Amino acid sequence: MSAPLADQLDIVIPTIRNLDFLEEWRPFFQPYHLIIIQDGDPTKRIYVPEGYDYELYNRNDIERILGDKAWAISFKDSACRCFGFMVSNKKYIYTIDDDCFVAKDPSGKPINVLEQHIKNLLTPSTPFFFNTLYDPYREGADFVRGYPFSLREGVPTATSHGLWMNIPDYDAPTQMVKPRERNKRYVDAVMTVPKGTLYPMCGMNLAFDRDLIGAAMYFGLMGEGQPIGRYDDMWAGWCTKVICDHLGVGCKTGLPYVWHSKASNPFTNLRKEYKGIFWQEEIIPFFQNLTLSKSSTNVEDCYLELADKVRKGLGHIDPYFSKLADGMVAWIEGWRLLNPPAASLEK
């Protein structure tokens, strides 16, 4: 089985448990390098199936490597995965949760998620004009009548957001009213999220071009010691989308699917999400109305400007947002520490 870009892509997995789920992914994942971020007790030994090339980081490693900036990496939350984005030296990242397994397409064929994510990332996006046949670069599709020829070249794709069969990615209130709902609908489509439109990015099946957007792929401050949880990937999604729009690159969503095996506890989730459910009614308009200055011409500068806007524009909601803005700055400082400009030029 082919392994596209095996030397250019890292797989990042956050976990608190043994990684037996990798046995099912072996045909697809084994050619790639894994970066495993162990959450929780750093003395616990995590089992990784034999035959995988991997590096494993726990909390002690994060504190040793980042020093006084380590506080910006969430503890006891899957948001810790973004440390893997920071330490990678590859052009592309794929991240997956350890309760996701191989899904099958309607013909019964196992879905090679990496192959599809890489197709998404290597073909252009079309954020400036919507194509009603969705992704015009797929085999059997093209630009429809009336699509401006000046826009048909598209723009580079920064993010490929995959979906999930079985357990949908619902918030706690929706889980409670639809406890038995399962996603059985396989939609054979990939589309570009239009410029100026936000989307709820989910981190359980996500790929991105690290060179194009990696420095903004910070999953915020979540988990232990924080007043909010389960908004880590969405925070990163809102931040990366406004920066992608500003820099003129694209985000795709749709294929590929994974099989999401188990639903998290809706009552536990409600405790984590409770404040966020209220806060998002102000956070989302903040991002919808946000503009970045023309002087911010790269991802790191955009993100630092965004951190300042978060502090000034959301700090009135709760002191958490001022702390989050500090975390965003510390994240960039850590990113620059591990990814100095000379190193990025050598890639």
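Residues are numbered from 1 along each chain as its sequence is written, and side-chain values use heavy atoms, with hydrogens and water left out. Because the model is predicted, local features need pLDDT of at least 70 and side-chain atom pairs count only at pLDDT 80 or more, whereas totals for chains, interfaces and linings use all residues.

Helices and strands are DSSP runs numbered from the N terminus, a helix (H or I) having at least four residues and a strand (E) at least two. In helix H1, which spans residues 22–29, Leu-22, Trp-25, Phe-28 and Phe-29 are buried, that is, under 20% relative accessible area with a 1.4 Å probe and protein chains only, while exposed means over 50% and partly exposed lies in between. These four residues of H1 cover an arc of only 95 degrees around the axis, which puts them on the same side of the helix; the arc is that of the directions from the helix axis to the C-beta atoms. An α-helix has 3.6 residues a turn, so residues three or four places apart point the same way.

Helix H4 is itself largely enclosed by the rest of the structure, because seven of its ten residues are buried; among them are Val-113, Leu-114, Gln-116 and His-117. H4 also gives four residues, the largest share, to the lining of the second largest pocket. A pocket is, on a 1 Å grid over the protein atoms alone, an open set of points where a 1.4 Å probe fits, with protein on both sides within 12 Å along at least five of seven lines, and its lining residues have an atom within 4 Å of a point. The second largest pocket is lined by 21 residues, of which Asn-112, Glu-115, Gln-116, Lys-119 and Leu-255 lie nearest its centre. The elements that give two or more residues to this lining are H4 (113–122) and strand E9 (250–260).

Gly-327, found in helix H10 (residues 320–338), counts as buried because its relative accessibility is 0%, and Gly-327 touches Trp-71, Ala-72 and Tyr-218, not counting residues up to four places away in sequence. Arg-145, in the loop between H4 and strand E6 (157–166), counts as exposed at 84% relative accessibility.

Terms used: Contact = heavy atoms within 4.5 Å.
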